[in-house]
Amino acid sequence: MNVNGTPYRTIWEAAGGAVEIIDQTKLPHQFVTIKLRSLDDAATAIADMWVRGAPLIGAMAAYGMYLAMGEDGSDAGLAHAAKTLTATRPTAVNLAWAVDHMTALLTPLAPADRPQAARREAARICDEDVAICNGIGEHGLAKIEQAWDAKGETGPVNILTHCNAGWLATVDWGTALAPIYKAHEAGIPVHVWVDETRPRNQGASLTAWELGQHGVPNTLIVDNAGGHLMQHGMVDLCITGTDRTTATGDVANKIGTYLKALAAHDNQVPFYVALPGPTIDWQARDGIADIPIEQRDGREVTQITGRQAGAGGTNDLVTIDLAPEGTAAANYAFDVTPARLVTGLITERGVCPATAAGLAGLYPEKAG
Ligand code: MRU
């Protein structure tokens, strides 16, 4: 997707064996790229959220295995890399999926052959993610077209999204935002309500930025506004991403998603969740019991980072305290939306009900 008119992916290979990423902690005020050269760099990039979003975390983990093999391609090096990367963030299953996949591919190979094999496979995973997200976009477009038809092709289709499930969360296109980009390209007028998404404000800093870069009309709202908008008929449909989907259709996504799904249900607003196949955890059947929920540093709640207002052109970032010194803060990063609140799952293979039968129908080879 475009940054100031130049097409970018979120992760790419750089000269000298490095892997380059966009440092998403600096957006929207600074566009900074970073070259990663080691396993530790890759692990830090995921843990400190220089890269984030389930599919991109998976792609980063795959490239992390490549960087690790360049440092130590032995069996011990492989095991250490897998353990280090898996420990970074627990909820997005794409991470474990990518690490397990790379481990299975590399284990039978001689240590000397592992670095190049890992590089090729990480690149393939990235290309596959782009193709998958493109497919999600095509299938989700049909849902936006339906909403457009239902409105008699008047006014924009108003879509509410939470967190950032756009191209910044994937290698390109995004999951929840892919159908929106496709609709925009197809000439369907869309308008996006962007939840700010406290505590890290991925909506305010990332979603608003990437939609703006593509000229998609959007309005930033506080996290608590969605229910009010739905009560007043100002939301035609919701589309969010997910970090882990159970085989039965429960979805874990950024904290606050569940409350939006409840409000949507109460107001008969369709609530769709967009996901790539690797985000399905086929072992998990009960989202609340089976999905590990990441808890992050309480300072993400008690503080906020941004550009100083009226800074006269400087883009330096400042962090300020919001709460009294010493305030206890709980920082649950994700919540689970039960399948019964989800209108449909938008995947690269089509749209299905959020049920075990629906997912099994699209992925018969996985459902067993
Ligand atoms: O904590 P983050 O920013 O990694 O959380 C991201 C989300 O919750 C996204 O909605 C999810 O990963 C789906 S991304 C296509």
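Select domain 1 (2–127) and domain 2 (139–367), with bounds from an automatic or database domain assignment. Both domains give residues to the shell around the ligand, so the ligand lies between them. The model is predicted: local features need pLDDT of at least 70, side-chain atom pairs count only at pLDDT 80 or more, and totals for chains, interfaces and linings use all residues. Residues are numbered from 1 along each chain as its sequence is written, and side-chain values use heavy atoms, with hydrogens and water left out.

The shell holds 19 residues, and the closest are Ala54, Arg89, Gln202, Asn253 and Lys254. By class, 7 are nonpolar, 8 polar and 4 charged. Here Ala, Val, Leu, Ile, Met, Phe, Trp, Tyr, Cys and Pro count as nonpolar, Asp, Glu, Lys and Arg as charged, and the others, Gly among them, as polar.

Show the polar contacts (pairs of N or O atoms within 3.5 Å). In the side chain of Asn253, an N or O atom is 2.6 Å from an oxygen atom of the ligand. For Asp243, the distance from a side-chain N or O atom to a ligand oxygen is 2.9 Å. A polar side-chain atom of Arg52 also lies 2.9 Å from an oxygen atom of the ligand. Taken alone, the ligand exposes 410 Å², and the protein buries 100% of that; areas come from the Shrake-Rupley method with a 1.4 Å probe.

Now colour by secondary structure, using DSSP runs numbered from the N terminus (helices H or I, at least four residues; strands E, at least two). Helix H2 (54–71) and strand S11 (251–254) are the elements that give two or more residues to the shell around the ligand.

Then move to the backbone. Select Leu27 and Pro28: a cis peptide bond joins them, with omega about 5°. Pro28 lies in the loop between strand S4 (19–22) and strand S5 (33–36).

Go on to Arg198 and Pro199, where the peptide bond is also cis and omega is near 10°. The loop that holds Pro199 runs between strand S7 (190–195) and helix H7 (202–213).

Finish at Met49, in the loop between helix H1 (39–47) and H2. Its phi is near 65°, a positive value in a residue other than glycine.

Methods. A residue is near a molecule or strand if one of its heavy atoms lies within 4 Å of it. A polar contact is a pair of N or O atoms within 3.5 Å; within protein, one must be able to donate a hydrogen and the other to accept it, and residues adjacent in sequence count only if both atoms are side-chain atoms.
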